[in-house]
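Visitor: Please take a close look at one part of this structure for me. I would like the surroundings of the ligand, then whatever connects to them.

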Amino acid sequence: MLELKNLSFSVAEKNENGEEKRRDIIDEMDFTFEAGKFYAITGPNGSGKTTLSRLIMGINQPSAGSIFFEGKDITGMTITERATAGISYSFQQPARFKGVTFRDLLSVAARTENEEKLLEIVRRVGICPLSFLDKPVDSTLSGGEIKKIELATTIARNPKLAIYDEPDTGIDLWTIMPMVNLLKKEQIDHKTTTIVVSHNRSFLDVADDILIVDHGKLRYHGNLKNALPMLNDFRICSFNPCPEGEQDAQCFR
Amino acid sequence: MLNALDKDLLKAVADLDDLPQGAYSIRKNGKLESRSVTANIDIVTDDKRDGIIVTIAPGTINESVHIPVILSENGLNDVVYNTFIVGAGSDVTIVAGCGIHCGGPEPEGHEGIHEFRVEKGARLKYVEKHYASGHGFGRKIMNPTTKVHLEENAHVEMELTQIGGVDEANRINEAVLGPGSSLMIMERVMTEGDQKADSRNEIILAGEGSSSNMISRSVIKGNSRQNFYATMVARQKCFGHIECDAIIMDNGANETIPALRAEHPDAELSHEASIGKIAGDQLMKLMSLGLSDEEAVNMIIQGFLR
Ligand SMILES: Nc1ncnc2c1ncn2[C@@H]1O[C@H](COP(=O)(O)OP(=O)(O)OP(=O)(O)O)[C@@H](O)[C@H]1O
Ligand SMILES: [Mg+2]
């Protein structure tokens with residue numbers, strides 16, 4: 001349902017000698033996400049996971065390659081058009097506003113101001129208390145609170161493709177499992193293709209497929225069991241990538 | 001009699017569909033239009049200068065006073081000096097506002113000086129809105145001034161809004177705070193086109209344990225210009241904070257100067273100021289929820305000025 005074709009995102013950087021150089025943050029990535037599946041993307045800090053997510057949402061523009069959504073080339077589409085097409089993204093660092101409340105965001109996301117419908121969404125999400133509704137989404141929210149609100153606005157859109165960028169950062173121990181179960185339930189009940197960027201084992205456990213990104217490249221795609229050697233010892237990542245089609249991370253050794 | 005245009009202006013500045021409940025005094029084109037007093041709230045014409053004196057009896061609870069001003073006569077410059085005495089221990093709301101409709105070529109203006117004496121332990125909420133409409137060439141000028149004296153343990157909350165259409169504004173707010181009193185000011189100003197608005201504020205924290213928080217939100221569109229100056233002076237152990245945020249769009253210009261002056265070692269004063277475009281992450285978030293670029297901007301501005 002989502003295809004990345006030769007996708008690259010590069011930025012200009014100065015090296016030690018002050019010369020301009022291009023650095024590939026996402027490096028010729030090819031991958032096809034299948035409809036209705038639950039993917040967990042992991043990888044070291046700075047490996048390019050957020051950049052990849054933002055390329056899919058249209059927040060960043062690729063320097064090369066293309067993105068297809070449900071068979072249609074969306075590379076040139078705006079954020080708004082992609083949102084309308086059914087893609088939704090929960091930011092790693094959610095925006096903080098002044099004077100805009102959770103209710104406002106939820107109404108926009110769900111395209112309704114109807115109180116009953118909004119309450120229904122908050123109940124469905126479960127992890128945000130009803131008292132959040134009239135809270136301003138500003139700098140007074142705690143780190144965990146704003147992540148819960150961010151996640152709720154994504155669910156409220158009933159997207160075909162939901163991307164959650166580290167939804168668990170700042171989330172308390174008592175909410176992690178309900179959050180994991182919620183995203184899993186959304187995937188099953190609404191056939192939402194789900195991509196969760198996370199370092200949290202709980203998300204990896206429920207994912208159908210694991211992707212490991214390093215230095216802007218997809219280093220692994222497969223089940224959790226075969227990913228474990230890499231996850232337990234990331235030095236492996238500095239080795240060459242496996243040959244095309246190889247499913248076993250042991251090949252890195 | 002209020003005509004349809006007057007009613008529109010009244011709705012814009014005082015959120016009134018008709019004559020208000022409780023005490024009121026409506027001024028139209030420099031003259032008294034209608035007035036009503038209650039057992040606890042008296043309104044009389046000032047015999048020394050153009051304006052009114054509103055006296056709220058001590059202990060008056062949950063009452064309100066509306067004093068809107070309407071200007072629709074081209075070329076008029078209306079100057080008014082209103083005095084408010086808010087009696088000890090009372091808890092009241094005063095709604096003021098000025099609506100100008102300018103249909104002709106001459107400038108029209110309103111200069112309103114509102115002086116408040118808020119007595120011991122009284123609570124006052126003051127809401128003031130300025131609005132101008134009409135397609136006449138005449139410049140619409142508004143110069144509102146407030147002077148507030150807070151006695152011991154008085155609490156005042158002021159909401160000052162200039163919602164649009166005003167070509168030129170010189171806004172002045174002055175306050176002197178007695179012991180244990182508190183003052184919260186929220187000022188919102190939006191300018192567009194070639195409009196210009198200046199806001200000058202001086203808050204003197206004269207009494208021990210007094211506190212004040214001044215929040216200013218400016219939206220500067222088109223080629224308009226806004227300047228914001230605020231000075232907080234601490235004479236005793238007290239607390240004061242100034243927060244001024246400006247969003248600049250198009251070719252707007254802004255100068256923001258918050259100033260703090262402490263004359264006592266236990267004074268706690270702080271300020272935050274920011275000027276900038278609409279934050280990119282806010283726009284992107286709203287667009288990712290399906291809003292167009294323009295819709296996203298509107299929602300951010302609306303929230304900001306709320
Ligand atoms: N617009 C940009 N300009 C320059 N460098 C960028 C830009 N966007 C991302 N980067 C760099 O690209 C790298 C990857 O960033 P990205 O945020 O995608 O990492 P990540 O895998 O999400 O990391 P984390 O696990 O810490 O969230 C980082 O080194 C970052 O500094
Ligand atoms: Mg990231």
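Predicted model: local features only at pLDDT ≥ 70, side-chain atom pairs only at ≥ 80, totals over all residues.

**Around the ligand**

Guide: Taken alone, ligand 1 exposes 640 Å², and the protein buries 64% of that. Two further side chains reach oxygen atoms of the ligand. Gln92(A) places a polar side-chain atom 3.0 Å from an oxygen atom of ligand 1. For Thr51(A), the corresponding distance to an oxygen atom of ligand 1 is 2.6 Å.

Now the whole shell. There are 14 residues around ligand 1. Those that come nearest are Ile25(A), Gly46(A), Lys49(A), Thr50(A) and Thr51(A). By type, the shell divides into 8 polar, 3 nonpolar and 3 charged residues. Two elements of chain A, strand S2 (20–33) and helix H1 (49–57), each supply at least two shell residues. H1(A) gives the most, with 3 residues.

Helix H2 of chain B spans residues 280–288. Its buried residues are Gln282(B), Leu283(B), Lys285(B), Leu286(B), Met287(B) and Ser288(B). Their cover draws on both chains. After H2(B) comes Gly290(B), with a positive phi near 100°.

Note on methods. Residues numbered from 1 in each chain as written. Chains lettered and ligands numbered in written order. Heavy atoms only, no water. Near = heavy atom within 4 Å. Polar contact = N/O pair within 3.5 Å; in protein donor to acceptor, adjacent residues only side chain to side chain. Areas by Shrake-Rupley, 256 points an atom, 1.4 Å probe, with all protein chains shown as cover. Helix = DSSP H or I, 4+ residues; strand = E, 2+ residues; numbered from the N terminus. Nonpolar A, V, L, I, M, F, W, Y, C, P; charged D, E, K, R; others polar. Buried < 20%, exposed > 50% of the residue type's maximum accessible area, 1.4 Å probe, protein only.
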